[in-house]
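The following paragraphs lead the reader through one structure. Please keep the sequence and the coordinates at hand.

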Amino acid sequence: MSTPETRQRASALQLHGVLAHWSECANQPWLHPLLDWEETERARRSLERRLRCAHIGRFKPLADFDWAWPEQCDQRAIAELMTLDFLSSATNAILIGSSGLGKTMIAQNIAHQAALQGHTVLFTTAGQLLGELASLDSDSTLRYRLRRYAAPDLLIIDEVGYLSYSNRHADLLFELINRRHEKKSTLITTNKAFSEWGEVFPSASCVVAMIDRLVHHAEILSIKGESFRRKEAQEAAAAKSKTRKTKGSS
């Protein structure tokens, strides 16, 4: 039997033909299966579109993270970020640590979880983001790109600090951070403490203001230890050496 909720579902799905003939369709046995199929298929396609637009790339699941390896890594704080509660208050997240400690992997897992939960997400590196914005000559095109980067519920800017940038790059990043401030969440991964961001943006006058907006409402997590990649490379080399020795003695 049809209910007001059933009609609301059909209206939300914009099934205008069904709504136009509601008196004929309302009590048909195929109506509820049709609504279920439409809702399921649209949810699937919406998720595919969000994941495609997020540009997260391939990543290891957080379940494979070796929590015992870093000297300092707040597992509880990262688990809290994975709940995505910080998005509801437009809080930022900053992951600070040297190269090879899993900052990008953690950020990718958070991005993937956000997309699964229906949020719009965009994952990019600082080099890609600033390189693209700085290359735009047209003011209208630049404004359009800034709106695009300002729009997602979660913007992740990976690898801040691995390159140094000009004053123009710094101004563009400040403009983007300012547009998102207290409106949308931004997650930054960086290998530099904030006190060292002057090396990333030498002589840029907006660095202090940029950092001020980033940390105003932010969860800041520091990860310390030796590189995972170096550890894995050493383990792989040791395994190869052991294999050669085994073959040589046989």
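**Cysteines, a loop proline and the nonpolar cores**

Cys 53 is partly exposed because its relative accessible area is 42%, where buried means under 20% relative accessible area, exposed over 50% and partly exposed in between, for a 1.4 Å probe and protein chains only. Cys 73, at 18% relative accessibility, counts as buried. The model is predicted, so that local features need pLDDT of at least 70 and side-chain atom pairs count only at pLDDT 80 or more, whereas totals for chains, interfaces and linings use all residues. Residues are numbered from 1 along each chain as its sequence is written, and side-chain values use heavy atoms, with hydrogens and water left out. A search of the whole structure finds zero disulfides, a disulfide being a pair of cysteine sulfur atoms within 2.5 Å.

Pro 70 belongs to the loop between helix 4 (31-54) and helix 5 (75-82); helices (H or I, at least four residues) and strands (E, at least two) are DSSP runs, numbered from the N terminus. Pro 70 is buried, at a relative accessible area of 8%. Not counting residues up to four places away in sequence, Pro 70 touches Phe 65, Ile 223, Lys 224 and Phe 228, contact meaning heavy atoms within 4.5 Å.

The largest nonpolar core has 33 residues; such a core is a set of buried Ala, Val, Leu, Ile, Met, Phe, Trp, Tyr and Cys residues joined through side-chain atoms within 4.5 Å. Helix 10 supplies the largest share of this core, six residues. Apart from it lies another core, of 29 residues, including Met 82 and Phe 228.
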